[in-house]
Amino acid sequence: MMPLKDILYGVRIAAVSGTTSCDIASVRFDSREVQKGDAFVAIKGTLTDGHKYIDAVVAAGARAIVCEQLPANMVDEVTYVEVESGNQALALMASNYYGTPSKNLKLVGVTGTNGKTTVSSLLYQLFKKAGFKVGLLSTIKIMVDDTEFATKHTTPDALVINKHLKLMNDAGVEYCFMEVSSHGIHQKRTEGLVFEGAIFTNLSHDHLDYHKTFAEYRDTKKILFDQLPKKAFALTNIDDKNGLVMLQNTKARKATYALKNYADYRAQILENQFDGQLLKINDNELWSRLIGHFNAYNMLAIYATADLLGLEHLETLRLISELENVDGRFQYYISKNKITAIVDYAHTPDALKNVLETINTLRTGNENVITVVGCGGDRDRSKRPVMGNIASEMSNKIIFTSDNPRTESPTEIIAEIEAGVEPQNVKKILSIENREQAIKTACQLANDNDIILIAGKGHETYQESNGVRIDFDDFKIVKELLTSLDK
């Protein structure tokens, strides 16, 4: 139990009806979870409005209601608090309720269109190898040192974030690396968190269904840097044209990394092969198992972050050379017939282009590149033809298929992808709506030494259609198919 007034510390309050000295059992924003003595925060979401459920949560025993609009009928025994922003209130209340856990560890946020999961996950790996207790908040999973928790969103809701940060405090975790999405920033899920630093990877075409314009998408990412305290660091990729924008208003100490431009941290690719690449980072060479141009940026961001957090740089280089690939990020399997299958989360035009450029750099030229790709439903539609164009330009054969169609028609999504294919590339394409059949067809089309890229879903182990999720693992499926063909 905690007094409501303590839970509300820092929240911008417009009006109060009732006492804030009452004790609160827990903070909730899902009306279905409210129990006797809880505080309920009404959130105006994209699909529903929590204000509709105020009467229901009061009937369920809620002791306090925090909302943007006070209801017409208020119950005497319940405290009602009107706030400017329900999202901001929830984030600050969550932090207060769990004892501001982010203050007790070194929390580093990673934002950008591509690379968030890889950079945060590999930093977790690196600091674990360096002997620290480490936390991770990522798309793939939440880690409290060695204990794993499932996750559903790139940036979980504020209660989930602070709950797990508190668990990290209890476990003696010193560092935590966290993916920070533009949705999470816009919905103020990170308000109240104290960051030790932030990393910007890159910015490209994505989420314009939500943010409407690229400028709004960029400026939302920038908020993370604008809010950093003076003692924190702000690390940015200045090869990206938006890299320096992130640093414009930050109070934090600034640091830059690049492969092409002069920067505080620089890298050069000396060799690139299927089993790894040789990099030169700030005049020191290192061999990494992670391949590709995009991974060179990831390695450089990791090296820079470790240096900014005080790790010895030669030890950091040694640890980077031991890092292993993240599930669904250029994850590959080579069959007995020397067919290489690559599964990658590439679900944006830039990410797809980066992966195909890497493949085309590594191939001898005698193999075919067969790409299986789709686009998610209920998401940014404008990127679909762009991805169709990239896949058809940079592959020998292409199979367009379903990703997670959600509530959209898979046939219509595929038609929008096909619209980007230039006339000279039409003969390369097949469209197979069933994703498993599309992967199976790619395996049947492949000859010895060919390369199959299965893009879009990466680490995901499900496929979502009309609110139903079925088990679906690209890597598991392609590995089984190629193994059966070997036999």
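**Salt bridges, strands and a buried lysine**

At 39% relative accessibility, arginine 318 counts as partly exposed, a label for anything between buried (under 20% relative accessible area) and exposed (over 50%), worked out with a 1.4 Å probe on protein chains only. The model is a predicted one, so local features need pLDDT of at least 70 and side-chain atom pairs count only at pLDDT 80 or more, while totals for chains, interfaces and linings use all residues. Residues are numbered from 1 along each chain as its sequence is written, and side-chain values use heavy atoms, with hydrogens and water left out.

Arginine 318 has a partner: glutamate 315 forms a salt bridge with arginine 318, and the closest N and O atoms are 2.8 Å apart. Such a bridge is a side-chain nitrogen of Lys or Arg within 4 Å of a carboxyl oxygen of Asp or Glu. Glutamate 315 is partly exposed too, because its relative accessibility is 32%. The two residues sit three places apart in helix H10 (residues 313-321), so about one helical turn separates glutamate 315 from arginine 318.

The structure holds 22 salt bridges. One of them brings together the side chains of aspartate 146 and lysine 128, at 2.7 Å from N to O. This pair links distant parts of the chain, 18 residues apart: aspartate 146 is in the loop between strand S10 (142-144) and strand S11 (147-149), and lysine 128 is in helix H4 (residues 116-129). Aspartate 146 counts as exposed because its relative accessibility is 58%, whereas lysine 128, at 24%, is partly exposed. Another bridge joins glutamate 416 to arginine 384, 2.9 Å from N to O. Here, too, distant parts of the chain are linked, with glutamate 416 in helix H13 (residues 410-418) and arginine 384 in helix H12 (residues 383-394), 32 residues apart. Both glutamate 416 and arginine 384 are buried.

Turning to the strands, five of them form an open sheet with mixed pairing, in the order S2-S7-S6-S5-S4; two strands pair if DSSP finds at least two bridges between them. At the edges are strand S2 (13-17) and strand S4 (27-28), each pairing on one side only. Strand S5 (residues 39-41) runs parallel to strand S6 (residues 64-67) over three bridges, with alanine 39 opposite alanine 64 in S6. Helix H3 (residues 86-97) packs on this sheet and touches S4, S5, S6 and strand S7 (79-83), its direction making about 145° with that of S5. Angles of this kind run from 0 to 180 degrees between N-to-C directions, with axes fitted to C-alpha atoms, for helices over the stretch in contact.

In the loop between S4 and S5 sits glutamine 35. Leaving aside neighbours within four places in sequence, glutamine 35 is in contact (heavy atoms within 4.5 Å) with Arg28, Ala60, Gly61 and Ala62. In UniProt, an unreviewed entry carries the annotation "domain: Mur ligase N-terminal catalytic" over residues 24-98; such annotations use the numbering adopted here, have shortened feature names and may be inferred rather than shown by experiment. That stretch is 24% helix and 20% strand, and its end C-alpha atoms are 13 Å apart.

Further along, strand S14 is mostly covered, with five of its five residues buried. Side chains in a regular strand alternate between the two faces of the sheet. In S14 both faces are covered: Phe233, Leu235 and Asn237 are buried on one side, and Ala234 and Thr236 on the other. Strand S13 (residues 197-200) pairs with S14 in the parallel sense over four bridges, phenylalanine 200 being the bridge partner of threonine 236. S14 also pairs with S15 in the parallel sense, over five bridges, and there asparagine 237 stands opposite tyrosine 257.

Aspartate 240 lies in the loop between strand S14 (233-237) and strand S15 (253-258). Not counting residues up to four places away in sequence, aspartate 240 touches Phe200, Asn202 and Leu203.

Lysine 221 is buried because its relative accessible area is 1%. Its contacts, not counting residues up to four places away in sequence, include Thr111, Lys116, Ser181, Leu203 and Met246.
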